[in-house]
Amino acid sequence: MKIGVLGLQGAVDEHIKQITALGLHGITIKHPEQLEQIDGLILPGGESTTISRLINRYGFAAPIKEFSKRKKPIFGTCAGMVLLAKELSASADSHLGLMDICVKRNAFGRQRDSFEAKLDVKGLADPFSAVFIRAPYVESAEAHVEVLATYNEHIVAARQEHLLVSSFHPELTGDTRFLELFVQMVTEYQESELIIS
Ligand code: GLN
């Protein structure tokens, strides 16, 4: 299994390290053609406006949308969540617009620029220590979006079919369980491909 991390800006190496720690092959994606080589894609945290600008500059928008159309799993962490949202709170713009969620950027305010919280995550037996850095949250989600975790009643992790998002940075801890949830989605995708072909 090969998992790609969009390598334009942000916490790219940290994701690659975690993928490698699971014994999987992590590839830093710098060119759109590389999307062909991977089974799942991670959009890392960083600065969503910058990453979005680079996505457009290097011709990634259409190939990522095509990747998603083929139901290949995509995991957006933090800024990656902002990029995947169909709608952004208090803004007329969205970026890739693939997931039926409305996301509020920098949603926890200045006082709480960065913090750690123990979260109950659907699918994980024990609480997960989540690192939030100028994090967004999901302000509203359509009914078919599955909520995986909340913090102070705000949605901070969710899944819609082949799309997974987290407000926090699972790659910044030694705990690989959240990434394993994504790996499970990629395995499911690979199995469904085997049945079709
Ligand atoms: N606040 C950033 C943004 O909206 C995201 C921060 C992060 O990825 N840690 O781009």
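Let's start with the contacts of Glu171. Setting aside neighbours within four places in sequence, Glu171 is in contact with Ala11, Glu14, His15, Gln18 and Thr77. In contact means that the two C-beta atoms, placed from the backbone, lie within 7 Å. Glu171 sits in the loop between strand 12 and helix 5. Glu171 is also buried, because 27 other C-beta atoms lie within 10 Å. The cut-offs: 20 or more such atoms within 10 Å is buried, 12 or fewer is exposed, and in between is partly exposed.

A word on the model. This is a predicted model: local features need pLDDT of at least 70, side-chain atom pairs count only at pLDDT 80 or more, and totals for chains, interfaces and linings use all residues. Residue numbers run from 1 along each chain as its sequence is written.

Next, His169. His169 is in the loop between strand 12 (163-166) and helix 5 (177-196). Helices (H or I, at least four residues) and strands (E, at least two) are DSSP runs, numbered from the N terminus. His169 is buried too, with 24 C-beta neighbours inside 10 Å. Beyond neighbours within four places in sequence, its contacts include Cys78 and Thr77.

Which residues does UniProt list for "active site"? The unreviewed entry gives Cys78, His169 and Glu171. They span 94 residues in sequence, yet no two of their C-alpha atoms are more than 11.0 Å apart, so they gather at one spot. Such annotations may be inferred rather than shown by experiment.

Last, the ligand. Among the residues surrounding the ligand are Cys78, Arg105 and Arg134. A residue counts here if its C-beta atom, placed from the backbone, lies within 6 Å.
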